[in-house]
Amino acid sequence: MKDRSPPIIPQEYLSGVKVVDIGDVRVARGLTRRSVSSCPHQYMLYDTNERRIWCASCETEVDAFYAFKNLVEHFDAAEKDIDRRKTALGEAEAFQVRSLAAKAIDDVWRRRKRVPACPHCKQGLFPEDFARGVKTTLGREYAEAQRARSRKDAPT
């Protein structure tokens, strides 16, 4: 003979009130359980024995994520500064080459008895040739290709 009593249906109120942890919901949405508090100061100290980081100015404990973020931002800014300085130094060197070349030609023209010669065709370059500006110019890439071609064709 079978027992025809209805199955036992557990009631939620019997096992206690169902509690939703708001912290779990925040973590699921990408937020943290801890309240966000970051120290505006930049001077942080750390202790390897206690495994903690704190601000030397206000003595508040700094979260490891914020300490790491501060460190990464500092090194990122330093790297961008180095890249900016490299670019500026390259531009200065390129400008200096032009300045040195113009100064060398000007020094030879000041002697009045000598004129600089073209390094390729060995013809003299007179200041009068440039008195009314430079009339003929070549593209830099084209001129470099011409120079490379003349080096290949030149007898060694």
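Predicted model: local features only at pLDDT ≥ 70, side-chain atom pairs only at ≥ 80, totals over all residues.
Phe68, Leu71, Val72 and Phe75 together make a nonpolar surface patch of about 420 Å². Of these residues, Phe68 has its place in helix α2, which spans residues 64-110. Phe68 counts as exposed because its relative accessibility is 54%, and the cut-off for that class is over 50%.

**Aromatic pair**

The count of aromatic pairs comes to one. This pair is formed by Phe65 and Tyr66, whose rings lie 5.7 Å apart centre to centre with 75 degrees between the planes, an edge-to-face arrangement. Phe65 is exposed, with a relative accessible area of 54%, whereas Tyr66, at 22%, is partly exposed, since that class lies between the limits of under 20% for buried and over 50% for exposed.

| Residue | Relative accessible area | Class |
|---|---|---|
| Phe65 | 54% | exposed |
| Tyr66 | 22% | partly exposed |
| Phe68 | 54% | exposed |

**Largest pocket**

The largest pocket has a volume of about 1,200 Å³. Its lining is made of 29 residues, and those closest to the centre of the pocket are Cys118, Pro119, His120, Ala143 and Arg147. Two or more lining residues come from each of the elements α2 and α3, the latter covering residues 140-153.

Note on methods
Residues numbered from 1 in each chain as written. Heavy atoms only, no water. Patch = residues over 30% accessible without salt bridge, like charges linked within 9 Å, V, L, I, M, F, W, Y side chains within 5 Å. Areas by Shrake-Rupley, 256 points an atom, 1.4 Å probe, with all protein chains shown as cover. Salt bridge = Lys/Arg side-chain N within 4 Å of Asp/Glu carboxyl O. Helix = DSSP H or I, 4+ residues; strand = E, 2+ residues; numbered from the N terminus. Buried < 20%, exposed > 50% of the residue type's maximum accessible area, 1.4 Å probe, protein only. Phe/Tyr/Trp six-rings, centres within 6.5 Å; stacked < 30°, edge-to-face > 60°. 1 Å grid on protein atoms, 1.4 Å probe; cavity = no way out; pocket = protein on both sides within 12 Å on 5 of 7 lines; lining within 4 Å. Points joined across faces, edges and corners; volume = space filled by probe spheres on them.
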